[in-house]
Amino acid sequence: QGIIVMNILRRKLLKGAGSGAALAAALAAGLLKPLQALASEWNRAAFEAKDAAGALKGIGATGLAESGELILKVPEIAENGAVVPVDIVSNIPDTTEISVIIEKNPFPLSARFKFANGAQGEVSVRLKFAQTSMVKVVAKAGDKFYTVQKEVKVTVGGCGG
């Protein structure tokens, strides 16, 4: 029995080493470039915008329509602006993107998510608020943009004032 276990372990080790060597060779040959693929989809202009209007322009959001099918859940008062829970559900059919803009942050576009066809547009994230601010969620479905917004009051020291 000990020999069988040793053979199985040896096979797994050799198989793993072979896979690792193949991956290393592919990376060295330049066949796999994961960082370039991710960087190509990063929207630098939108994330570096200094105001909400610039962020909206950067993501291509024009003609925003208020929607009751876009649900935003945030606390009215955040005792710690460093970790504010933001939960979003889009019941708009064919939602392909959800972006979160915190208007008074130095860089308002705080998060952007893209969904594959048929994926449920649902996001839960913790974001930093520099100060009391309006948080605006923008969802893209087809070639239309929908929005919902709420104000979050950030207190200093958690005093609730």
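## Salt bridges and nonpolar cores

Glu97 and Arg112 join through their side chains in a salt bridge, 2.6 Å from N to O. Glu97 belongs to strand β5 (residues 95-102) and Arg112 to strand β6 (residues 109-114), so the pair ties together parts that are 15 residues apart in sequence. Strands here are DSSP runs of E, at least two residues long, numbered from the N terminus. Glu97 is buried, at 11% relative accessible area.

The model is predicted: local features need pLDDT of at least 70 and side-chain atom pairs count only at pLDDT 80 or more, while totals for chains, interfaces and linings use all residues. Residues are numbered from 1 along each chain as its sequence is written, and side-chain values use heavy atoms, leaving out hydrogens and water.

The structure holds two salt bridges, each defined as a side-chain nitrogen of Lys or Arg within 4 Å of a carboxyl oxygen of Asp or Glu.

| Salt bridge | N to O distance |
|---|---|
| Glu97 and Arg112 | 2.6 Å |
| Arg44 and Glu48 | 3.2 Å |

Glu48 is partly exposed, with 39% relative accessibility; buried means under 20%, exposed over 50%, and partly exposed in between (1.4 Å probe, protein chains only).

A nonpolar core is a set of buried Ala, Val, Leu, Ile, Met, Phe, Trp, Tyr and Cys residues joined through side-chain atoms within 4.5 Å. The largest one has 25 residues, of which Leu72, Val86, Ile88, Leu127, Phe129 and Val135 touch the most other members. Strands that each supply at least two of its residues include β2 (70-73), β4 (84-90) and β9 (144-154). Another core, of eleven residues, lies apart from it and includes Ala46, Ile59, Leu109 and Val138.

Terms used: Helices (H or I, at least four residues) and strands (E, at least two) are DSSP runs, numbered from the N terminus.
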